[in-house]
Amino acid sequence: MIKAVIIEDTDQDRQWLKSLLDPYKNEIEVICDADNLQEAVRTITVLKPHVVFLDVQIKGGDGFD
């Protein structure tokens, strides 16, 4: 199972991405999502996902920070 995290600052876009991933729920598990840079760093550090769907421009800074 692939563990995934979604980092996106708008609810609508987070839900849209989850809906795109839903057909793959037997292969990809969205274990968490975050809506700001600080929460994103904490989530990725603690959960150590296999893949991160990252918004480049996010509350609190640049997604690459």
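This is a predicted model: local features need pLDDT of at least 70, side-chain atom pairs count only at pLDDT 80 or more; totals for chains, interfaces and linings use all residues.

Biologist: In what sense do E1 and E2 pair, and over how many bridges?

Modeller: As a general idea, the strands of a sheet pair through backbone hydrogen bonds, in either a parallel or an antiparallel way. Here strand E1, residues 2–7, pairs with E2 in the parallel sense, over 6 bridges.

Biologist: What is the strand order of the open sheet?

Modeller: The order is E2-E1-E3, an open sheet of 3 strands with parallel pairing. Strand E2 (28–34) and strand E3 (51–54) are the edge strands, each pairing on one side only. From one strand to the next, the twist averages 25°.

Biologist: Which strands does helix H1 touch, and at what angle does its direction stand to that of E2?

Modeller: Helix H1, residues 11–21, packs on the sheet and touches E1, E2 and E3, and its direction makes about 175° with that of E2. Helix H2, residues 37–47, also packs on the sheet with contacts to E1, E2 and E3, but the angle between its direction and that of E2 is about 140°.

Biologist: How should I read the buried residues of a helix?

Modeller: An α-helix has 3.6 residues a turn, so residues three or four places apart point the same way. In H1, the buried residues are Arg14, Leu17 and Leu21. They line one face of the helix, because seen down the axis of H1 they fall within an arc of 65°. E1, E2 and E3 are among the elements that cover them.

Biologist: Which residues are exposed on the other side of H1?

Modeller: Asp11, Gln12 and Trp16 are exposed there.

Biologist: Why does Trp16 count as exposed?

Modeller: The cut-off for exposed is over 50% relative accessible area. Trp16 has 53% relative accessibility, so it counts as exposed. For its place in the chain, Trp16 and Lys48 lie 32 residues apart in sequence and 23 Å apart in space, C-alpha to C-alpha.

Biologist: Which residues of H2 are buried?

Modeller: Leu37, Ala40 and Thr43 are the buried residues of H2. Their arc around the axis is only 125°, which puts them on the same side of H2. Gln38 and Val46 are exposed on the other side of H2. The cover over the buried residues of H2 includes E1, E2, strand E4 (57–58) and strand E5 (61–62).

Biologist: Which residues make up the largest nonpolar core?

Modeller: To read a core, look at which residues belong to it, then at which elements supply them. The largest nonpolar core has 6 residues in all: Val5, Ile7, Ala34, Leu37, Ala40 and Ile58. E1 and H2 are the elements that give two or more residues to this core. There is also a second, separate core of 5 residues, among them Ala4, Leu17, Leu21 and Ile28.

Notes
Residues are numbered from 1 along each chain as its sequence is written. Side-chain values use heavy atoms; hydrogens and water are left out. Two strands pair if DSSP finds at least two bridges between them. Helices (H or I, at least four residues) and strands (E, at least two) are DSSP runs, numbered from the N terminus. Axes are lines fitted to C-alpha atoms, for helices over the stretch in contact, and angles run from 0 to 180 degrees between N-to-C directions. Contact means heavy atoms within 4.5 Å. A nonpolar core is a set of buried Ala, Val, Leu, Ile, Met, Phe, Trp, Tyr and Cys residues joined through side-chain atoms within 4.5 Å. Buried means under 20% relative accessible area, exposed over 50%, partly exposed in between (1.4 Å probe, protein chains only). The arc is that of the directions from the helix axis to the C-beta atoms.
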